[in-house]
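Let's walk through a few helices and charged pairs in this predicted model. Have the viewer open as you read.

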Amino acid sequence: MKTPDTRVSGSPRPLRIVVGVDGSEPSLRAVEWAADEAVLRGASLRLVYASLWERYEGAALAEGLGKPSEEVMAEDVVATAERRARRRQPDLGITTDILPEEAEYCLIRESRGALLMVLGCRGRSGVTEALLGSVSVTVAGHAHCPLIVLRGSHDNQVRPGPAGRIVLGVGEKPADSAAVCFAAEEASLRGAGLEAVRAWRRPLHEPRAHPLIVGQPAHLQETEAAELVEEALATVPDGLRVRRRTVEGFARDALLAVSRDADLLVVGARRRQGHCGLQLGRVAHGVLHHAVCPVAVVPEPA
């Protein structure tokens, strides 16, 4: 099943938000969340179901319908997701597709033509659990657009929650960071504040090492963290409510702690030379699995 795509002629970037659906309640909440996001950004919504049902079922037909039973289920999944999106945003442009292929390859390819991709935290069972479970990590590591994974007990809406803030994990190279731009844009669209967080750690001192080679004093580590935060926020538009924060400890632990009262946590993923696609580091991998709020993984330029 395929419907025409919706694009804005002459647009400098794709105006389409893609959602991977599987019929589970987490994926349907992702559909509603993405529908709100699409309206905020003036984008269309694309709903995609991917499964290798043809490989396993072949010509086995659903009684009275003349179609493989998995195809019938897939059509029902996509139709349900579309109804949910239209109830949420009646005037939103929506397209759908059912693709008989591996979920991760399908979604990575779909990310090439997307402004943003959204996945639920997990599927309901078996094959579908892979779509929105381990596959989401694979997609996050290779997607060509920002990926948002909805985690925790979020209220499946883009409007600011009680916290009213977007949290940005500041990386090693914050200048011209795509993650910074994305986080600032999200905060602006939602009318939320932006909190930039950078973790720092005291240097490890070996008992017999000479003072000149054991590393810098702890206060210099904290100063460097603060400087990286300032560098990250240098291009943030005026008028945006901004908070700067440096935290002693591991970056993953610091971000997981602030995710408890954030509406969205944004981290970058940078390409590593000699590797194909983005390679998720420990921080991005950790927050994808354990954050309390939705997580956005934004691919950074090489």
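Serine 111 sits in helix α4, residues 103-111. Helices here are DSSP runs of H or I with at least four residues, strands are E runs of at least two, and both are numbered from the N terminus. With a relative accessibility of 0%, serine 111 counts as buried; buried is under 20% relative accessible area, exposed is over 50%, and partly exposed is in between, using a 1.4 Å probe and protein chains only. A polar atom of the serine 111 side chain lies 2.9 Å from the backbone nitrogen of histidine 144. Leaving out residues up to four places away in sequence, serine 111 touches Met117, Ala143, His144 and Cys145, where contact means heavy atoms within 4.5 Å.

A word on ground rules: this is a predicted model, where local features need pLDDT of at least 70, side-chain atom pairs count only at pLDDT 80 or more, and totals for chains, interfaces and linings use all residues. Residues are numbered from 1 along each chain as its sequence is written, and side-chain values use heavy atoms, with hydrogens and water left out.

Back to α4, which is mostly covered, with seven of its nine residues buried. Those are Ala103, Glu104, Cys106, Leu107, Ile108, Glu110 and Ser111.

Now for the charges. The whole structure has 20 salt bridges, a salt bridge being a side-chain nitrogen of Lys or Arg within 4 Å of a carboxyl oxygen of Asp or Glu. Here are three of them:

| Arginine | Glutamate | N to O distance |
|---|---|---|
| arginine 46 | glutamate 110 | 2.7 Å |
| arginine 165 | glutamate 195 | 2.0 Å |
| arginine 202 | glutamate 248 | 2.6 Å |

Take the glutamate 110 and arginine 46 salt bridge. This pair links distant parts of the chain, 64 residues apart, with glutamate 110 in α4 and arginine 46 in strand β2 (residues 44-50). Glutamate 110 counts as buried because its relative accessibility is 8%, and arginine 46 is buried too, at 7%.

Next, arginine 165 and glutamate 195 meet in their own salt bridge. Arginine 165 is in strand β6 (residues 165-169) and glutamate 195 in strand β7 (residues 193-200), so the pair ties together parts 30 residues apart in sequence. Both arginine 165 and glutamate 195 are buried.

Arginine 202 is partly exposed at 49% relative accessible area, and glutamate 248 is partly exposed at 43%.

Last stop: helix α7, residues 178-190. Its 13 residues reach 18 Å from first C-alpha to last, close to the 18 Å expected at 1.5 Å a residue (that is, 1.5 Å times one less than the number of residues). At the N-terminal end, serine 177 caps α7, with a side-chain oxygen 3.2 Å from the backbone nitrogen of alanine 179. Just after α7, glycine 191 takes a positive phi of about 70°. The buried residues of α7 include Phe182, Glu186 and Arg190.

Helix α1 (residues 25-41) packs on α7 at an angle of about 90°, with the axes 10 Å apart. The two helices are therefore roughly perpendicular, a label for angles of 65 to 115 degrees. Trp33, Glu37, Leu40 and Arg41 of α1 make the contact with Phe182, Glu185, Glu186, Leu189 and Arg190 of α7.

Key
A polar contact is a pair of N or O atoms within 3.5 Å; within protein, one must be able to donate a hydrogen and the other to accept it, and residues adjacent in sequence count only if both atoms are side-chain atoms. Axes are lines fitted to C-alpha atoms, for helices over the stretch in contact, and angles run from 0 to 180 degrees between N-to-C directions. Angles under 35 degrees count as roughly parallel, over 145 as roughly antiparallel, 65 to 115 as roughly perpendicular and the rest as oblique.
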